[in-house]
Amino acid sequence: MYLITVLGNLLIILAVNSDSHLHTPMYFFLSNLSLADICFISTTVPKMIVDILTHSRAISYVGCLTQMSFLIIFGCMDDLLLTVMAYDRYVAICHPLHYLVNMNPHLCVFFVFVSLLLSLLDSQLHNLIILQFAYFKNADIYNFCCEPAQILNLDCSDSFIKSIVTYFVSAMFGFFPISVILFSYYRIVSSILKIPSPGGRYKAFSTCGSHLSVVCLFYGTSVGVYLGSAVSHSPRKSVASSVMYTIVTPMLNPFIYSLRNRDIKNSLRMLHSGKIYVRT
């Protein structure tokens, strides 16, 4: 699964960068999402593979905090990039004549930079809270990685602050992005329904189908893990959801975007036949 994820996302990045027809805002965000997915799954799976081979389940204190930090950074990057991609589809479908002006290259780079900055801030917020804990040893984490929500639950001294942080982060990286996505798709559906021909409606909505599938898969599992850990005291229940959003979702993204996207399929086909040459 790890090799499929890395190779699949690398193929999307290669296809987007090598085909000039894909040098558009939508595919720029898609290539950044693929890069974030590679980093996201590389945060957890290699460590898990080493643990399986060495029959070890231990992780150091520094290693746990480092893994948690990168997990938050790249997870939030996925979160915010999916939100930006929804806004991109909204502008493309609802304001097509102003699309290239509104979604200019400088604004696209700015969106990615802000996404990275907010992800770093979220990671530092978690670190500041966890570093207030006493140095813990021989702690049991009922997961295959240092899940941020479960790390917060290791300390039982002050649950109020942890609850505030949990709900604040859930609102910032859960409620707000989902609200933007829902509003964008509300306007998109309203615009599509005004198209008179069924073929035109299908063509317009087909550009959003892949993104909508990934959004449902990612948010349905990641938000559920975070809120579930805050409400429930049984961390074992979140393991399956953790696997879904940290391993399965990054693996499925290349298949969803390549199988449902004609431009990506054509670019990969031409890349395989040697008709596209990577720029140096």
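Tutor: Start with the contacts (heavy atoms within 4.5 Å). Take those in the chain with a separation of 6 or more: 78% of them join residues 24 or more positions apart. This is a predicted model, where local features need pLDDT of at least 70, side-chain atom pairs need 80 or more, and chain, interface and lining totals use all residues. Numbering runs from 1 along each chain as its sequence is written, and side-chain values use heavy atoms, without hydrogens or water.

Now the elements. The chain has 11 helices and zero strands (DSSP runs numbered from the N terminus: H or I of at least four residues for helices, E of at least two for strands). Read along the sequence, the pattern is α-α-α-α-α-α-α-α-α-α-α. Of the 280 residues in the chain, 46% are buried (under 20% relative accessible area; exposed is over 50%, partly exposed in between, with a 1.4 Å probe and protein chains only).

Zoom in on the rings. The model holds six aromatic pairs (Phe, Tyr or six-membered Trp rings with centres within 6.5 Å; planes under 30 degrees apart are stacked, over 60 edge-to-face, the rest tilted).

Take Y87 and F111. Their ring centres lie 6.0 Å apart, and the planes make 80 degrees. That pair is edge-to-face. Where do Y87 and F111 sit in the chain? Y87 belongs to helix α4 (residues 61-94), and F111 to helix α6 (residues 105-130). They are 24 residues apart, so the pair links distant parts of the chain.

Next, Y90 and F183. The pair they form is tilted, with 6.4 Å centre to centre and 50 degrees between the planes. Y90 is in helix α4. F183 is in helix α8 (residues 159-193), 93 residues apart from Y90. Here, too, the pair links distant parts of the chain. Look at the cover of each partner. Y90 has 13% relative accessibility, so Y90 counts as buried. F183 has 45%, so F183 counts as partly exposed.

Now put the rings together. Y87, Y90, F110, F111 and F183 form one aromatic cluster. Helix α4 brings Y87 to this cluster, and Y90 comes from helix α4 as well.

Look next at charged side chains. D88 forms a salt bridge with R89, with the closest N and O atoms 3.0 Å apart (a Lys or Arg side-chain nitrogen within 4 Å of an Asp or Glu carboxyl oxygen). D88 is buried, at 1% relative accessibility. R89 is buried too, at 8%.

How many salt bridges does the model have? The count is two. K47 and D51 also form one, at 3.2 Å from N to O. Both lie in helix α3 (residues 45-54), four residues apart, so about one helical turn separates them. K47 is partly exposed, with 28% relative accessible area. D51, at 16%, counts as buried.
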